[in-house]
Amino acid sequence: MPSSHSQLIWFFVVYFFLFLYLRMHQTNNARCVDLLWRHILSIILLGIALSVSYSRPISEYFLVRDTSLIPNILWFEYTVTRSEARNRQRKLGTKVQ
């Protein structure tokens, strides 16, 4: 899963792309400088989004913290399911093998 920082920056980058190219689409009377700054701004925004997305796993903060709890969660689900099955079998009056 991407981090919340990556999701947020990509939301804003896509929003600004759509704003720059769809909302400000008057290209028939636009000067070359106006078109150039849109492209430059788009490249800068894309670079920022890529750098945020790339820096999150490199810092290893999210990788270690997010994956260290997975075995504990799996063990919890296993024990809860097993105890619920035992309780259900006891209520039905049959023996668990």
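Trainee: What is the relative accessible area of F16?
Mentor: This is a predicted model, in which local features need pLDDT of at least 70, side-chain atom pairs count only at pLDDT 80 or more, and totals for chains, interfaces and linings use all residues. Residues are numbered from 1 along each chain as its sequence is written, and side-chain values use heavy atoms, with hydrogens and water left out. Buried means under 20% relative accessible area, exposed means over 50%, and partly exposed lies in between (1.4 Å probe, protein chains only). F16 is classed as partly exposed because its relative accessible area is 36%.

Trainee: In which helix does F16 lie?
Mentor: Helices (H or I, at least four residues) and strands (E, at least two) are DSSP runs, numbered from the N terminus. The protein has four helices and zero strands. The run that covers residues 4–23 holds F16, and its name is helix α1.

Trainee: What kind of aromatic pair do the rings of F11 and F12 form?
Mentor: Rings of Phe, Tyr and Trp (its six-membered ring) pair if their centres lie within 6.5 Å; planes under 30 degrees apart count as stacked, over 60 as edge-to-face and the rest as tilted. The structure holds three aromatic pairs. For F11 and F12 the centres are 5.4 Å apart and the planes stand at 70°, so the pair is edge-to-face.

Trainee: What is the angle between the planes of Y15 and F16?
Mentor: These two residues also form an aromatic pair, described as edge-to-face. The distance from centre to centre is 5.8 Å, and the angle between the planes is 75°.

Trainee: With the side chain of which residue does the side chain of S42 make a polar contact?
Mentor: S42 is found in helix α2 (residues 32–58) and counts as buried because its relative accessibility is 6%. Contact means heavy atoms within 4.5 Å, and, leaving aside neighbours within four places in sequence, S42 is in contact with F17, L20 and Y21. A polar contact is a pair of N or O atoms within 3.5 Å; within protein, one must be able to donate a hydrogen and the other to accept it, and residues adjacent in sequence count only if both atoms are side-chain atoms. At 3.1 Å, the partner of the S42 side chain is the side chain of Y21.

Trainee: What distance separates the C-alpha atoms of H5 and V52?
Mentor: H5 lies in helix α1 and is partly exposed because its relative accessibility is 43%. Along the chain, H5 and V52 are 47 residues apart. The separation of their C-alpha atoms is 7.4 Å.
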